[in-house]
Amino acid sequence: FKISMNDLTLLEELGKGNYGTVHRVLHKPTNVTMALKEVRLELDEAKFSQIIMELDILHKAISPQIVEFYGAFFVETCVYICMEYMSAGSIDKLYGDGIPEDVLGKITLAMVKGLKTLKDEHNIIHRDVKPTNVLVNEKGIVKLCDFGVSGNLVASIAKTNIGCQSYMAPERIKAENAGQITYTVHSDIWSLGLSMLEMAKGGYPYDPSTYNNIFAQLQAIVDGEPPELPEDFSEDAKDFVRQCLNKSPRNRPNYAQLLRHPWLHRWETEEVDMAGWVKRALEAREKAKKEGVKEEKPKPALHK
Ligand code: ATP
Ligand code: MG
């Protein structure tokens, strides 16, 4: 069936990206809660139709590690994508000061399995692996979203690409500077490694206070030594990340090899209370929000 704007009741805003806003919506005919992503684009009608057609193959991308796709349509200058609502949101809003190794293990396992399914079964390279595109629900289930299925959508978005935190692999940064547009699965594996570091540390690995502009940051990615996991992580975990962040793309492991790595393999069988972690992370986020408000209150004293 096809979804249209008339079928949807707009509920609260879930977040804003560089290209538009994501809302929680209710699909009235089915009574299903969905996430509605809006992407603003300056394109002609024919291009919009092409994008919608390309997005349609998402109906076939069904996997436990991939956010379910319900449909896409366009209205005026926006593409709208309806997808599964993930009640705990994206990982970037949950990792706090950094997540423990076992939780990182389960998240990484889901990411690698999702990326492998996209590649092997649908021949899709994600192209935008980063913590905001890793979603979680209250059951502790982890899924990927926002992968590059539509060539036309990817190309239209790339033209207006901004963003101050780059998850791009060194070879991608160099290729982009040379005006090339090739993209391989190796680059997604770099972005996976960088995302793992961010989740483990609780912040983007190329510290914004050291690299105070995007140029210096990109330079550090291309010319510098790759960053590492914090000291308190196991040697196996550090080795896993080190392999993903190999500066030479051909030397990075593929998904099958990553799944066989002793560190990742361990989380296939080890039990981790992911639902409990999500619950505590959501509580900590609420607490931080409240305290943030409190801290701002005592100000008037200064004016006396
Ligand atoms: P960028 O614009 O660079 O891709 P982004 O991924 O943060 O960054 P969006 O994809 O527009 O931007 O998403 C905005 C926010 O909405 C996300 O950070 C996430 O917190 C939230 N979000 C997106 N999709 C869902 C979903 N299916 N369920 C719940 N929350 C979502
Ligand atoms: Mg996103």
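Predicted model: local features only at pLDDT ≥ 70, side-chain atom pairs only at ≥ 80, totals over all residues.
Let me begin with the open sheet of 3 strands, whose order is S6-S7-S8 and whose pairing is antiparallel, where strands are DSSP runs of E of at least two residues, helices are runs of H or I of at least four, both numbered from the N terminus, and two strands pair if DSSP finds at least two bridges between them. The edge strands, each pairing on one side only, are S6 (89–90) and S8 (142–144).

Residues are numbered from 1 along each chain as its sequence is written, and chains are lettered from A and ligands numbered from 1 in the order in which they are written.

Strand S7, residues 134–136, pairs with S8 in the antiparallel sense over 3 bridges, and Leu135 stands opposite Lys143 in S8. Helix H2, residues 101–122, lies across S7 and S8 and runs at about 35 degrees to S8, the angle being taken from 0 to 180 degrees between N-to-C directions of lines fitted to C-alpha atoms, for helices over the stretch in contact; contact requires C-beta atoms, placed from the backbone, within 7 Å.

Turning to the whole protein chain, there are 10 helices and 8 strands. Its radius of gyration, taken over C-alpha atoms, is 20 Å, close to the 19 Å from the globule rule (2.2 Å times the number of residues to the power 0.38) for 304 residues, so the chain is as compact as a globular protein of that length.

Key:
Contact = placed C-beta atoms within 7 Å.
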